[in-house]
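Please keep the sequence and the structure in view while reading.

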Amino acid sequence: MTDDANGAQLRDPAALEMVCDAVGDDGALCRVTGTLTGESLLLAGQGLDLALRTGRRLLVLDLARVLVCDAAGVDYLRRFGRDASAVGVRLRLSAASPAVNRVLDETGGRAYLAVHESVEEALNRGAERAGGLPAPHPRTAAPERGRPERSAE
């Protein structure tokens with residue numbers, strides 16, 4: 001058995017484990033531990049799919065305890081984020097481990113995934129579009145409309 005950087009015991013470092021909890025009225029936090037690869041996510045993907053069906057509008061993945069990550073794992077998260085967005089769920093990655101950060105940098109994953117420094121930042125951040133870009137500001141005033149034409153009677 002191996003300890004992670006935070007001192008918690010891992011059951012099987014080669015496996016992917018996820019524990020999800022409700023946060024507030026509209027969020028869910030999933031703590032991801034172990035190996036984040038395309039193959040491990042295919043096996044654990046049912047847990048992510050279930051998280052989409054809870055009716056919560058925000059899903060934060062805490063990646064601090066991920067020991068191994070590959071490009072296929074980041075690509076899976078990209079596709080999952082697209083699917084989540086299609087059903088109105090915002091996906092945010094948080095506290096990425098060095099292994100995850102390396103692959104995000106190598107693949108350009110930050111361009112299409114919302115990545116936050118900490119779980120707290122991801123949970124408390126204002127509404128954002130997929131890809132981590134700020135949401136467009138709504139118009140503060142109604143557009144000017146032309147004056148109604150008067151009939152020439």
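## A parallel pair of strands

The model is predicted. Strand β2 (residues 27–36) and strand β3 (residues 58–69) run parallel and are joined by nine bridges. Within this pairing, Leu36 stands opposite Cys69 in β3. Cys69 has a relative accessible area of 5%, which is under 20%, and therefore counts as buried.

## The sheet as a whole

Strands β2 and β3 belong to an open sheet of five strands, ordered β1-β2-β3-β4-β5, with mixed pairing. β1 (16–23) and β5 (114–116) are found at the edges; each has a single partner strand, so one side of each is left without a neighbour in the sheet. From one strand to the next, the twist averages 25 degrees.

## Helices on the sheet

Helix α2 (residues 71–86) lies across β2, β3 and β4 (90–94), and runs at about 150 degrees to β4. Helix α3 (residues 98–107) also packs on the sheet, where it touches β2, β3 and β5. The direction of α3 makes about 100 degrees with that of β3.

## The disulfide

The structure holds one disulfide. It is formed by Cys20 and Cys30, whose sulfur atoms are 2.0 Å apart. Cys20 lies in strand β1 and Cys30 in strand β2, 10 residues apart. The torsion about the S-S bond is about 110 degrees, so the disulfide is right-handed.

Note on methods. Residues numbered from 1 in each chain as written. Predicted model: local features only at pLDDT ≥ 70, side-chain atom pairs only at ≥ 80, totals over all residues. Heavy atoms only, no water. Pairing = 2+ DSSP bridges. Helix = DSSP H or I, 4+ residues; strand = E, 2+ residues; numbered from the N terminus. Axes fitted to C-alpha atoms, helices over the stretch in contact; angles between N-to-C directions. Contact = heavy atoms within 4.5 Å. Disulfide = S-S within 2.5 Å. Buried < 20%, exposed > 50% of the residue type's maximum accessible area, 1.4 Å probe, protein only.
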